[in-house]
Amino acid sequence: MQTKQTNQTNVNSKGKLDAQAILLLVVHVLFGGANALSGTFVGVYLWKAKNDFTLIGWFTLTTHLTMAITFWLAGKWVKEHNKMNCLRIGVSISACFYMLVLWMGTSSVHYFVWLGMVQGISVGLFWIAFNVVYFEVTDPDNRDRFNGWVGLLGAGAGIIAPWISGLLIVNLGDGAGYRLIFSISLGIFLLGVIISFFLKKRKLSGTYEWLLPLRILKQPQTPWKRVSLALLFQGVREGVFGFMIGLLVYISTSSEASLGNFALITSSVALVSFWAAGRFIRPSFRKKSMFIGSVMVVLVILPFFWEMSFSTLLIFGIGSALFFPMYSIPMVSAVFDLIGSDDESAKQREEYIVLRELSLNVGRVCGVLLFICVISWSKEPLVINVLLLVIGSSTFFSWVFIRNQLPAAKS
């Protein structure tokens, strides 16, 4: 009788998000909102202290290397101990990162390696725990919907937070403005920690297998070889575009307010596109959706060859916001569906999530290393534009490698 009632509940709730999934979304939006408020301007903050692309590249590289190591080490924690504490400590260390920046002030530029390590640890701890819990509270029926809401709420935070930050910095001045937005972020992170206590403690099972990613990739017929390459190429774009676009907006306009307006406009578009993608993309449409998205986010880079200005950056930002959800939602859902494809891999979800994150971070590191090498050789506008086109084209190769994991539409 109990089984019948449970099955009936599952049928009635098919495709819907339960209370735990919604609560996880709240924690995510607080974490994302705090980072949107201040993280958008960290690169600008370092740039104003020292106009050096290479320094910002090394800061980003340190962050991604530390993040990768943190994912691998923290996998044992989330598998065998309290994964919710891992998530909370990740959020708390993010707060510590902004405390350090506040304390160091403009001298932060001299400690970019240490700051990059702190940020890498915080992000690594948060995302390894978040992704494991995300896998546990979703299934193939509601995963696209959850991913759509993640993007939708993230875009909502991106609309308001950077815009407010830009106005505060301009109106209060660099010193007081940056201190205020970093302080607000600190408070939001602490609120996220408090909210996370309402998430249920997750069940533990099994022992962490340290070398599972290597063992899986050695298997001759495993789909994870192609999926890992797809994730690697996804990471190449993320590693560079995550900091470079905002920095180019600031360099083109010399105004934090313009960067805030840029985020306001592009996030507004992303809000609508993530809502539409989360609502209408179904597993049968993932292959076509991801192909369209992967090609279009490359094409919107081409206006840079005409002129690098706020207008062309805005064309890029709006185009990316419009089409990137068509690429990212199928990508995330397909990988997590593969993790849950059988009981054995589902039981080793922590190790597979570590494999996913290691693949992404290898790509991010490769992308940033390419950026550092090229920018150290030449800072000519044409060279930078070609570099952005090459790095941005990685989304298409990502689709090439993962397309066989994406179910085709039924004829």
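In which helix is serine 196 found? Serine 196 is found in helix α7, residues 174-196. Notes on this model follow.

1. **Basis.** This is a predicted model: local features need pLDDT of at least 70, side-chain atom pairs count only at pLDDT 80 or more, and totals for chains, interfaces and linings use all residues. Residues are numbered from 1 along each chain as its sequence is written, and side-chain values use heavy atoms, with hydrogens and water left out.

2. **Serine 196.** Helices are DSSP runs (H or I, at least four residues), numbered from the N terminus. Serine 196 is buried, at 0% relative accessible area. Buried means under 20%, exposed over 50%, and partly exposed in between (1.4 Å probe, protein chains only). The side chain of serine 196 makes a polar contact of 3.0 Å with that of arginine 88. Such a contact is a pair of N or O atoms within 3.5 Å; within protein, one must be able to donate a hydrogen and the other to accept it, and residues adjacent in sequence count only if both atoms are side-chain atoms. Leaving aside residues up to four places away in sequence, serine 196 touches Val27, Met84, Leu87 and Arg88 (contact: heavy atoms within 4.5 Å).

3. **Salt bridges.** Side chains of opposite charge can pair when their charged atoms come close. A salt bridge here is a side-chain nitrogen of Lys or Arg within 4 Å of a carboxyl oxygen of Asp or Glu. The count comes to 12.

4. **A bridge inside one helix.** Lysine 76 pairs with glutamate 80, with the closest N and O atoms 2.9 Å apart. Both lie in helix α3 (residues 53-80); they are 4 residues apart, so about one helical turn separates them. Lysine 76 is partly exposed at 28%. Glutamate 80 is partly exposed too, at 22%.

5. **A bridge between helices.** Glutamate 136 and arginine 349 form a salt bridge (2.9 Å, N to O). Glutamate 136 is in helix α5 (residues 112-137) and arginine 349 in helix α14 (residues 349-377), so the pair ties together parts 213 residues apart in sequence. Glutamate 136 is partly exposed at 22%, whereas arginine 349 is buried at 14%.

6. Arginine 215 and glutamate 209 meet in a salt bridge of 2.7 Å, N to O. Arginine 215 is partly exposed, at 33%. Glutamate 209 is partly exposed, at 26%. Elsewhere, salt bridges that share partners join Lys79, Lys83, Glu136, Arg349, Glu350 and Glu351 into one network.

Technical notes:
Helix = DSSP H or I, 4+ residues; strand = E, 2+ residues; numbered from the N terminus.
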